[in-house]
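This report covers salt bridges and a sheet. Please look at the sequence and structure below before reading on.

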Amino acid sequence: MHADSPPASEPRSPLAAQVREALGRRNIVMVGLMGCGKTSVGRRTALQLGLPFVDADEAIEQAAGRTIKEIFDEHGEAYFRDGERRVIARLLRSAPQVLATGGGAYINAETRAAIADCGVAVWLKAELPMLMRRVLKRSNRPLLQAADPEAVMRGFMTARYPIYEKAHVTVESQDITHDAMAAKVIESLHEYFSHNAPDAQS
Ligand code: S3P
């Protein structure tokens, strides 16, 4: 398992270059529910910006030498959440980069504060049918090993959307290519920085 992508390279477009300059030594942190595309879109966003990409769930698995499902099975959710908080705090120190987090990470107030300190949170907001279509393709998510995974997901939408809404930037997830979604993320970041980091804009 490799959590990291290649190191920084040149941004792929003038818009990407502007976003990267405005970002400075901060991170772009992808947040949102399971299946919203944090890893796949985050990876393409990093490529377009010429930044390294890191996936927090993969880093947790590397640190533990176990899959997330095994961590849940052997030690329970509270143990996983503690490790998740510590691993993300460590990863956030390597800015600038694009960091994809697991769906529950941003719900932790300490992690949210750490992200706000040195990063820009991007919420990929997706509708229930899209999320379900994607998560049902795999059986690696312990929280969805339930009799009615759609009801579980609906519960997460109710509980977590008010918290994801605190993210600096919201991008609606669509059924388009990962590269096209990444382009939308970069446009939204450009818009955000044009209002929030005027000194850093060229
Ligand atoms: C979780 C989401 C998962 C993983 C774990 C818990 C959650 O990550 O961290 O299974 O609480 O929503 P993804 O969002 O990448 O699937």
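D82 is partly exposed at 31% relative accessibility. Here buried means under 20% relative accessible area, exposed over 50%, and partly exposed in between (1.4 Å probe, protein chains only). The model is predicted: local features need pLDDT of at least 70, side-chain atom pairs count only at pLDDT 80 or more, and totals for chains, interfaces and linings use all residues. Residues are numbered from 1 along each chain as its sequence is written, and side-chain values use heavy atoms, with hydrogens and water left out.

**Salt bridges**

The whole structure holds 12 salt bridges (a side-chain nitrogen of Lys or Arg within 4 Å of a carboxyl oxygen of Asp or Glu). Among them are these:

| Pair | Closest N and O atoms |
|---|---|
| R66 and E74 | 2.6 Å |
| R86 and D82 | 3.4 Å |
| E110 and R85 | 3.4 Å |

R86 and D82 sit 4 residues apart in helix 5 (residues 77-91), about one turn of the helix. Helices (H or I, at least four residues) and strands (E, at least two) are DSSP runs, numbered from the N terminus. E110 is in helix 6 (residues 109-118) and R85 in helix 5, so their pair ties together parts 25 residues apart in sequence. D82, R85, R86 and E110 are linked in a network of salt bridges. R85 is partly exposed at 22%. R66 is partly exposed at 33%, and E74 is partly exposed at 46%.

Five strands form an open sheet in the order 2-3-1-4-5, with parallel pairing. Two strands pair if DSSP finds at least two bridges between them. Strand 2 (53-55) and strand 5 (169-172) each have a single partner strand, so one side of each lacks a neighbour in the sheet. Strand 2 pairs with strand 3 (residues 98-100) over 3 bridges, in the parallel sense. V54 stands opposite L99 in strand 3.
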